[in-house]
Amino acid sequence: MIPQDFLTTIARDYRLSNAEEEVLLLAMDGKSTAAIAQDLGISGDAVRKRLSEVYQKFHITGRGPVKLTRLQQLLMTQYQGQFNQQNSSDESRVTNVPSSQASTSPHQAAVLTPAESRRSPISHWGEAPDVSVFYGRETELTYLQTAILKDQCRLITVLGMAGMGKTALAVKLARNLQPSFESVIWLSLRQPPKLHELLHSILNLLANHVSSSEAQHPPSETVESLISQLIQEFQHRRCLLVLDGAESMLQSSRLAGIYKDGYDNYSRFLTRIGQEVHRSCVVLTSQEKLAEISLLEGETAPVRSLTLGGLTEAAAQQLLKEKGLTGDSKKWTDLILGYRGNPFMLKMVATTIRDVFDGNVTSFLKTTLFTHDINDYIEDILERMSDVEEEIVHQMALKQQALSMEELLGGLPHLSPQDLIRALQSLKQRSLLETSEGRFHLPPAVMTVIADELKN
């Protein structure tokens, strides 16, 4: 939770009006648009207009609830930066980037004072969120920790649909493994730096230690040499590097896993990290699987990937209980299944149920399963699809049932089998497609949103 006095200060820094500040404080407190309108005695449209002004002043882009999530992440990053400046962390002697720079340069390296350098272990958490409240994922954590500590994996990708909890899981993993590594570095790729900028940031952090590789290999300006220098550092010390949000480097409206112009050299970087021998591990989170990961990974290989599904019912029930929901436990199960255990979407709908239906899940499900906020959220995810993928999901939504390969080809005769296979694989990589007994179907939330679009 971000303290109100910090939010008030930051609101003044960004020149928010009193009315906009009121809305900001209530939104950061987790209140819905309807609840804010009731508290302030204004209309929902007035709340949305004030929030729109807030987003513009903080330079937040996106649609629907995604903008609020990005604003929350930005403010938490700035608060953590200020907190870390004022308080020496027990787990790190590294001073974070000043909060005034955090929003414009999230990848800038932390700096040690001369007295602190040379001996102190490196721990840089950047934009990593707080995971003091964490639900389930014991099986996933065990798998990842075993792969890193026992199997000595050099590169691991955590995959899954937006909102599935990849970032939170990666933070929890890194916190758990911190005692086993000399250096832990967390960097966000949400506003992706070019590769040479990222490598310079990492090397600057590691250079606060005296190392033989630093002495023998001065910083180079070529990307290939920078990769070599980093791998040499990874050979001399055991480092855990977490890169969060790799999908930001990938193109929208194309098949999954295709890099944006200027980011193709990340493929070479990840390939070398996975192939060359060193003592460290890079953990990558992404909504889409990268081609080089598919080529390198294997059950016994030093490169692995984990596709994150929804929370178990027990963990999801705990999340809903923490949100203050009530009602028939069977209806809770229906709600969890409808959202496929996606923790972010469950949190969003739980807020609506609490505010509008007095927390009663049974009453909510008599009315609807998916709210307008959920529709906006799913639409943002679907915007990344290619034209061919869009045709496929439209066909499935029209049929309202699982379809076989033959049925899809029959409904889309202009597609070749090869094009259909590539597009189905891409949809699977985005976690937008489920398979059962040789048939393909859409998750309920995705099916509903697409069907609504087609009706309109």
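Colleague: What makes up the secondary structure of the protein?

Modeller: There are 22 helices and 8 strands, where helices (H or I, at least four residues) and strands (E, at least two) are DSSP runs numbered from the N terminus. Bear in mind that this is a predicted model, in which local features need pLDDT of at least 70, side-chain atom pairs count only at pLDDT 80 or more, and totals for chains, interfaces and linings use all residues. Residues are numbered from 1 along each chain as its sequence is written, and side-chain values use heavy atoms, with hydrogens and water left out.

Colleague: Why is Thr271 called buried?

Modeller: Buried means under 20% relative accessible area, exposed over 50%, and partly exposed in between (1.4 Å probe, protein chains only). Thr271 has a relative accessible area of 17%, so the residue counts as buried. Thr271 sits in helix H12 (residues 265-275). Leaving aside neighbours within four places in sequence, Thr271 is in contact with Glu292 and Leu296, contact being heavy atoms within 4.5 Å.

Colleague: How do you know that the reach of helix H4 is close to the expected one?

Modeller: The expected span is 1.5 Å times one less than the number of residues. H4 (residues 44-57) has 14 residues, and its 20 Å from first C-alpha to last is set against an expected 20 Å. Helix H22 (residues 444-455), with 12 residues, reaches 16 Å, close to the 16 Å expected.

Colleague: What puts the buried residues of H4 on the same side?

Modeller: The buried ones are Val47, Leu51, Val54 and Tyr55. They cover an arc of only 100° around the axis, which puts them on the same side of H4; that arc is taken from the directions from the helix axis to the C-beta atoms. The face turned away from this buried side carries the exposed residues Asp45, Lys49 and Gln56. Just after H4, His59 takes a positive phi of about 60°.

Colleague: Which elements cover the buried residues of H22?

Modeller: Among them are helices H15 (329-338), H18 (372-382) and H19 (387-399). The buried residues of H22 are Ala445, Val446, Met447, Val449, Ile450 and Ala451.

Colleague: And what makes a nonpolar core?

Modeller: It is a set of buried Ala, Val, Leu, Ile, Met, Phe, Trp, Tyr and Cys residues joined through side-chain atoms within 4.5 Å. The largest has 77 residues, and Ile378 is one of those with the most contacts inside it. Not counting residues up to four places away in sequence, Ile378 touches Met345, Ala445, Val446 and Val449. A second, separate core of 35 residues includes Leu187, Phe234, Ile273 and Val303.
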